[in-house]
Amino acid sequence: MTPPEGDPGVTTPPTAAGDEGPLAVLRRIRRPPVRPRPGERCDLCDEVVPDDHSHLVDLQSRRLLCVCGPCALLFAGEGAGGRRLRAVPDRYVELGAEGLSPAEWDGLEIPVSIAFLFVNSTLGRTIACYPGPAGATESMLPLGTWEDIVAAHGALDALEPDVEALLVHMDRACQESFVVPIDVCYELVGHLRTLWHGFDGGEPARRHLDGFFDDLRARATVRPVAGEGARRVGNG
Amino acid sequence: MTGQGDLSDVGRRIEELLDLLGSMPDRRARQCAEELLRLVLDLYGAGLERVLELGCAEGAPGGPALLERLLDDELVSSLLLVSDLHPLGLRARVERVLAGVSAAIPDGDARLLELDEEHHMVRVRLLAPDGTVPEAMAARLRKLVEQAAPEIVAVEIDRPGTPVRLRRKEAVP
């Protein structure tokens, strides 16, 4: 028995599997859980970080780490130095005519209208990911496709491995390509996952995508991919 | 037909198999399995929706009374949640659980104090007739809330300095 007087409220962590009923696993599969984020912390020093904090990519675990300003500075400007933790830059570029053509997009065999492609330096190859109800789904690129695309779009050679992505949006209304920080792609996929409904994502997911690309067009500079990407201070 | 206990084993087994697939070098193994399950659930969900329409609509054989009985059943209720077919919203589901618990402890207190949808938390008052919060009772309530409202990740049981015990009986020896 617990005495009621003066006893602070008690918060339970989510219970272990089995306690939530036999169908919990099916529920999770249909709709992966939304975790509350009451004040995110720096993954390196545990300091509380603002919403628009920076990220690092851990090349070993392929995880994104949230970092505070001082920790981000430690890793800024390192370039492709072969270290395990790499800062995500803050470069948003709309490729315009330099972007992928619909024919090239078809060659990638992506089943939905958007995907992001990035060079995984650990594996030494380019990965394509697209959003779905379970988050990012990885797609094997048909052999040689990426090499052909880079050969045709010299600008893509400047894509910083692991931390920058080519985000392609290809449907009846839009055919556009952007160079964006990779955390933006994972954030987008994470949002879509919580909204995803039915076979193709449904109306809420489409609305989110429309808003996302409106913001992206407003933010991105329209210029060829070249030169130094500024360090990241943007949205987390 | 299997009982609720056996069904928990089925749930655990599904999880084991998914983990096994997840540990395979090709990450697509688990993704494919999950997509398969989702598609099967979509088909079953569509069928279940038709069953509800045919059985529980106004003027249907069971009518709204049948729907009430189905919602009272933990298994059916969870199944409706899986398929997004549960007719009650989050607050109504939590309140329904608390009404049930409250009815089971006529001289105690069980009520919803706060529902924080943004942080997926609920705060409830729970008092046994003797003014205490027995751990078993709290655990049962948490389990019921988690089943009825899987969106909720934390159930906070409020234990104020001066508990509300308006209907409290005289102290039991």
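Let's start with S9(A). A:Glu164, A:Leu166, A:Val168 and A:Met170 point one way from this strand, A:Ala165, A:Leu167 and A:His169 point the other way, and all are buried. Buried means 20 or more other C-beta atoms, placed from the backbone, within 10 Å of a residue's own. Strands (E, at least two residues) and helices (H or I, at least four) are DSSP runs, numbered from the N terminus.

A word on the source. This is a predicted model: local features need pLDDT of at least 70, side-chain atom pairs count only at pLDDT 80 or more, and totals for chains, interfaces and linings use all residues. Residues are numbered from 1 along each chain as its sequence is written, and chains are lettered from A and ligands numbered from 1 in the order written.

Why is S9(A) largely enclosed by the rest of the structure? Because seven of its seven residues, 164–170, are buried.

Now its partners. Strands pair if DSSP finds at least two bridges between them. S6(A), residues 114–120, runs antiparallel to S9(A), with four bridges. There, A:Ala115 has A:Val168 as its bridge partner. S10(A), residues 175–181, is also antiparallel to S9(A), over seven bridges. A:Ala165 stands opposite A:Val180. S9(A) and S10(A) form a hairpin, with four residues between them.

On to the helices. The axes of H5(A), residues 182–195, and H6(A), residues 202–219, come within 8 Å and cross at roughly 155°. Axes are lines fitted to C-alpha atoms over the stretch in contact, with angles from 0 to 180 degrees between N-to-C directions. So H5(A) is roughly antiparallel to H6(A), a term for angles over 145 degrees.

Technical notes: A residue is buried if 20 or more other C-beta atoms lie within 10 Å of its own, exposed if 12 or fewer, and partly exposed in between; C-beta atoms are placed from the backbone. Angles under 35 degrees count as roughly parallel, over 145 as roughly antiparallel, 65 to 115 as roughly perpendicular and the rest as oblique.
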